[in-house]
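Biologist: Could we go through this structure together? I would like to begin with the strands and then turn to the cores.

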Amino acid sequence: MQSFDSRFANLKKPQREGQLIIVGRMEDVPTGRSATVTLPNKTELALFNINNEFYAIENFCPHKGAPLADGHLCNHTVECDWHGWRFDVRTGECLTSSGAVETYEVVIEDGWIKIVI
């Protein structure tokens with residue numbers, strides 16, 4: 001089993017600032033789908049809608065750097081398009097190897113999707 005490749009650093013991972021950022025409306029991400037969220041500082045997150053419950057993780061597979069928002073979503077698991085690494089979008093846990101990706105709290109208010117950065 002391959003491990004995380006330390007040569008690939010996520011340069012688009014947002015810094016934690018305790019800010020609540022509006023990223024769109026619930027209807028912008030249909031159930032069972034994902035979206036790449038580009039924040040004002042050009043960093044990225046992957047946003048997932050699972051039965052109208054939203055989850056956000058860093059948009060970067062630590063194996064080789066693929067965008068996780070482009071992966072295949074099945075239940076609460078996203079599978080990286082490049083090499084099949086799987087992550088639980090609720091916890092960030094890697095189900096293929098040891099380690100995890102960062103998760104971000106999602107808040108829904110009046111149909112608006114907000115993420116705590």
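**Strands and cores**

Modeller: This is a predicted model. Strand β1 (residues 20-25) pairs with strand β10 (residues 112-116) in the antiparallel sense, over five bridges.

Biologist: Which residue in β10 is the bridge partner of Leu20?

Modeller: The partner of Leu20 is Val116.

Biologist: And how many bridges join β9 and β10?

Modeller: Strand β9 (residues 106-109) and β10 are paired over four bridges, in the antiparallel sense. Opposite Val106 stands Ile115 of β10. The hairpin of β9 and β10 has two residues between the strands, and Asp110 takes a positive phi near 55° there.

Biologist: Now Ile108, please. Is Ile108 buried, partly exposed or exposed?

Modeller: Ile108, which lies in strand β9, has a relative accessible area of 35%, so Ile108 counts as partly exposed.

Biologist: What is Ile108 in contact with, leaving aside neighbours within four places in sequence?

Modeller: With those neighbours left aside, Ile108 is in contact with Met26, Phe54 and Ile113. Asn52 is 56 residues away from Ile108 in sequence, and their C-alpha atoms are 9.9 Å apart.

Biologist: On to the cores. Which residues touch the most other members of the largest nonpolar core?

Modeller: That core has 17 residues, and those touching the most other members are Phe48, Ile57, Cys61, Leu68, Val78, Phe87 and Val89. β3 (44-50) and β4 (53-58) each supply at least two of its residues. β3 gives the most, with three residues.

Biologist: What else is there apart from that core?

Modeller: Another core, of 13 residues, lies apart from it, and its members include Leu39, Phe54, Val106 and Ile113.

Note on methods. Residues numbered from 1 in each chain as written. Predicted model: local features only at pLDDT ≥ 70, side-chain atom pairs only at ≥ 80, totals over all residues. Heavy atoms only, no water. Pairing = 2+ DSSP bridges. Buried < 20%, exposed > 50% of the residue type's maximum accessible area, 1.4 Å probe, protein only. Contact = heavy atoms within 4.5 Å. Core = buried A, V, L, I, M, F, W, Y, C linked by side-chain atoms within 4.5 Å.
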